[in-house]
Amino acid sequence: MKKIVTFLCVALAAVVLVLPTKNVGYRAVADTEARPFTVNFSDEDLGSKLNAAFVQKLYGDGEELKAHWSVQGGVLSRINDLDGEDVTGNYAVAYFSDCYFRYFELTTKVAYGDNGLTGIVFGKNDIKLRHLADGNAVYFMPGPYVELCGSTITKKETSVMLEERTGFYELKVIVCEDYVKVLVDGKERINKVIPSELLRYGKIGLFTANTAGAFSDGVTIYNLDEHGNRIALEAYTATTGVKATNKTVEMKLSDEKLKYEYAVQPADATVKDVRFLSINPDIAIVDNEGYIRPLKAGVTEIEVITVDGGFKDSLLVTIDEVIPELEGVVLDKASGTIETVGGKLYLSVSYFPEEAENQGFKWSTSDSKVAIVNNGTVTAMGVGTCVITVKDYNGKFSATCTVTVKGTAAESSSLSSGCAGYIEAGPIALLFGAAAVVALMRRRQR
């Protein structure tokens, strides 16, 4: 029995050794390969590592760091930057230069102010009044709370209450393909599963809103792959502009979609993503891939806007409502028969293409003694055959119908008996008149 148990244990150990293991942590890499991006707030060249921006109702241009932040004793803090007025209602961000990741691990220390938000913004280089995280952000706020929020990750707030104390909280943010983790003072506070398509490459920055928050010591940022493994820092080349290949283009309503041609500058920019905007979508629309579709005659500008930096250029699109030329006319009958003189035959004319301009038609008959025509209505005048012709207004295209009129010769002559009857009765009338004159003279002679 002991031999059997011993054999089973050895076999089980062997199986365990050969079973594949799942990598759930950071992979082992050389220190030089996994070198982090670091910013020390005591660095003399701190201004070159942080690009400051300021928002007051509108987007703020890049400005010097000292315009909105102060650095003292390794602490970066927000200052009252409007001639001594309070920072309430004003927003400031300090983006890290040359730090543009999709997945990352960030560590810093944060102290929030009394009346607003202090934290990390990432995902998009957009700052908007009253919604600073147009991408995503981790907020510190009075309470104290830590919150993961933003227009990309979620519409529903994810807030966790913290132990209240003075000083700085140690903050770690880990962003991977399908989750965002937030640790405060080494304790996991938020672990949010998110769809991977909601994360995109973006700049990372420190921000304050409505408060004089602060950051201490510095920031360490590792570049991660989608599984959370630390990898070598990516080279980042900032976008400096975009140029539409053509400044104007003309389209017809009947045209197929047209591709918007453009070039992001420089050619080796790390992020070449753009979006498109039609200023007048009633005239023409543009999809996410840049295909322009005409809707009605008119003029509109279509802008191309870079995701990185928000640079833009425009294309002026003119939509012409060109009416196609007439290519032919057609009668609904190639031949027809009218059974009796005086009878009628109705012809219908159409033209192609249907979008062509119709200026009217001209009708004619080859023999008016057989039939006449008025706007497609054929009236039989006598026994026989004739050809009814219709032409477009300019006489360029025509169609014909051969009409045969049946009936008898008497029916045919009856239509013209009006004039003929008067002519044939003339001699008889003269005879009667002469007789009457003779009779009258005879009476007078008596």
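In the predicted model, strand β15 (residues 202-209) gives the most to the lining of the largest cavity, contributing three residues. The volume of this cavity is about 40 Å³, and a search of the whole structure finds one cavity of 30 Å³ or more. The residues that line the largest cavity are Phe 101, Arg 102, Phe 104, Phe 122, Gly 123, Leu 199, Arg 200, Gly 202, Lys 203 and Ile 204. Divided by class, this lining consists of five nonpolar, two polar and three charged residues.

Strand β26 (residues 312-320) takes part in two pairings. With strand β19 (residues 248-252), β26 pairs in the parallel sense, and five bridges connect the two. Within this pairing, Met 251 is placed opposite Ile 319 of β26. With strand β25 (residues 298-306), β26 runs antiparallel, and eight bridges join the two strands. Here Glu 303 has Ser 314 of β26 as its bridge partner. Strands β25 and β26 form a hairpin with five residues between the strands, and in this hairpin Gly 309 adopts a positive phi near 95°. In a regular strand, side chains alternate between the two faces of the sheet.

A further group of four strands forms an open sheet with mixed pairing, in the order β28-β35-β34-β31. Its edges are formed by β28 (335-338) and β31 (361-365), each of which pairs on one side only. From one strand to the next, the twist averages 25°. The pairing between β28 and strand β35 (residues 398-405) is parallel and extends over four bridges. In this pairing, Ile 338 has Val 405 of β35 as its bridge partner.

An open sheet of three strands is arranged in the order β20-β24-β23, and its pairing is antiparallel. Strands β20 (258-259) and β23 (284-286) stand at the edges with a single partner strand each, so one side of each strand has no neighbour in the sheet. Strand β20 runs antiparallel to strand β24 (residues 291-294), to which two bridges join it. Leu 258 is found opposite Ile 292 of β24.

The cysteines were examined next. The structure holds zero disulfides. Cys 401 is in no disulfide, and the nearest cysteine sulfur, which belongs to Cys 386, is 8.7 Å away. This distance can be set against the cut-off, because a disulfide requires a pair of cysteine sulfur atoms within 2.5 Å. Cys 401 has a relative accessible area of 0% and is therefore buried. Cys 149, with a relative accessible area of 11%, is also classed as buried, because the term applies to values under 20%.

Pro 142 is located in the loop between β9 (136-141) and β10 (145-150). Its relative accessibility is 33%, so Pro 142 counts as partly exposed. Pro 142 and Glu 164 are separated by 22 residues in sequence, while their C-alpha atoms are 9.2 Å apart in space.

Notes
Residues are numbered from 1 along each chain as its sequence is written. This is a predicted model: local features need pLDDT of at least 70, side-chain atom pairs count only at pLDDT 80 or more; totals for chains, interfaces and linings use all residues. Side-chain values use heavy atoms; hydrogens and water are left out. Buried means under 20% relative accessible area, exposed over 50%, partly exposed in between (1.4 Å probe, protein chains only). Two strands pair if DSSP finds at least two bridges between them. On a 1 Å grid over the protein atoms alone, a cavity is a set of points where a 1.4 Å probe fits but cannot get out, and a pocket is an open set with protein on both sides within 12 Å along at least five of seven lines; lining residues have an atom within 4 Å of a point. Grid points are joined across faces, edges and corners, and a volume is the space filled by probe spheres set on the points. Ala, Val, Leu, Ile, Met, Phe, Trp, Tyr, Cys and Pro count as nonpolar, Asp, Glu, Lys and Arg as charged, and the others, Gly among them, as polar. Axes are lines fitted to C-alpha atoms, for helices over the stretch in contact, and angles run from 0 to 180 degrees between N-to-C directions.
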